[in-house]
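This report goes through selected residues and ring pairs of one structure. The sequence and model come first.

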Amino acid sequence: MKKALCTLSLLLTLPLTLLAGPVEVGQPLPALSLKDQHDQAWQLTPETKLVLFAAGRKASNLVLAVLSTQPKGFLEQRKAAYLADMSRMPGFITRTFAMPSLRAQPFKVGVSLSEDTLRGWASEPETVLLIDLEQGRVSRIRHANTEAELRQALLPQP
């Protein structure tokens, strides 16, 4: 009986370990294990210095406007990654329009389809959240509201 209760307890808490916690300056960026737009595993690498996070259509369109004109490998050269929260989007729209559009892009996009996955992350649908990392820890959180601001954030760092 005791073994069964332990097993049940583990099974009930395991999904919680897959959820990311809040993003806070000075803290490690919560671990994420997602899929990209091609249904392949997507994770941040230890070398990642910048995460572009779009939680809404306007923010996502801003990222796409800037990145779609860049050559393949652009994000990797800048040690950057793009994460899109599509959890609020209706499933039909995601499958029919959003994912096919992302599949046409020359860069990887981490895609979150569950609102629980990024619970605690600041979600501002009209602005791109820029999360600067140093050795896996959040060093700064900024916002980009325009293409010019996003392009500036993506300039090569010394």
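This is a predicted model: local features need pLDDT of at least 70, side-chain atom pairs count only at pLDDT 80 or more; totals for chains, interfaces and linings use all residues.

Residues are numbered from 1 along each chain as its sequence is written, and side-chain values use heavy atoms, with hydrogens and water left out.

Ile-93 sits in helix α4 (residues 91-103). Helices (H or I, at least four residues) and strands (E, at least two) are DSSP runs, numbered from the N terminus. Together with Phe-92 and Phe-97, Ile-93 makes a nonpolar surface patch of about 310 Å². Accessible areas come from the Shrake-Rupley method with a 1.4 Å probe; for residues, only the protein chains shown count as cover.

## Aromatic pairs

There are 3 aromatic pairs, where rings of Phe, Tyr and Trp (its six-membered ring) pair if their centres lie within 6.5 Å; planes under 30 degrees apart are stacked, over 60 edge-to-face, the rest tilted. Among them, Phe-53 and Trp-121 have ring centres 5.1 Å apart and planes at 65°, so this pair is edge-to-face. Phe-53 belongs to strand β3 (residues 50-54) and Trp-121 to the loop between β5 and β6 (128-134), so the pair ties together parts 68 residues apart in sequence. Phe-53 is buried at 2% relative accessible area, and Trp-121 is buried at 5%.

Phe-92 and Phe-97 also form an edge-to-face pair, with 6.4 Å centre to centre and 85° between the planes.

## Ser-112

Ser-112 is part of strand β5 (residues 109-112) and, at 1% relative accessibility, counts as buried. Its side chain reaches the backbone oxygen of Ser-114 at 3.3 Å.

## Arg-142

Arg-142 lies in strand β7 (residues 137-144) and is partly exposed at 22% relative accessibility. The C-alpha atoms of Arg-142 and Ile-131, 11 residues apart along the chain, are separated by 6.5 Å.

Leaving aside neighbours within four places in sequence, Arg-142 is in contact (heavy atoms within 4.5 Å) with residues including Leu-50, Val-128 and Ala-153.

Key. Buried means under 20% relative accessible area, exposed over 50%, partly exposed in between (1.4 Å probe, protein chains only). A polar contact is a pair of N or O atoms within 3.5 Å; within protein, one must be able to donate a hydrogen and the other to accept it, and residues adjacent in sequence count only if both atoms are side-chain atoms. Patches are made of residues with over 30% relative accessible area and no salt bridge: like charges are joined within 9 Å, nonpolar side chains (Val, Leu, Ile, Met, Phe, Trp, Tyr) within 5 Å. A salt bridge is a side-chain nitrogen of Lys or Arg within 4 Å of a carboxyl oxygen of Asp or Glu.
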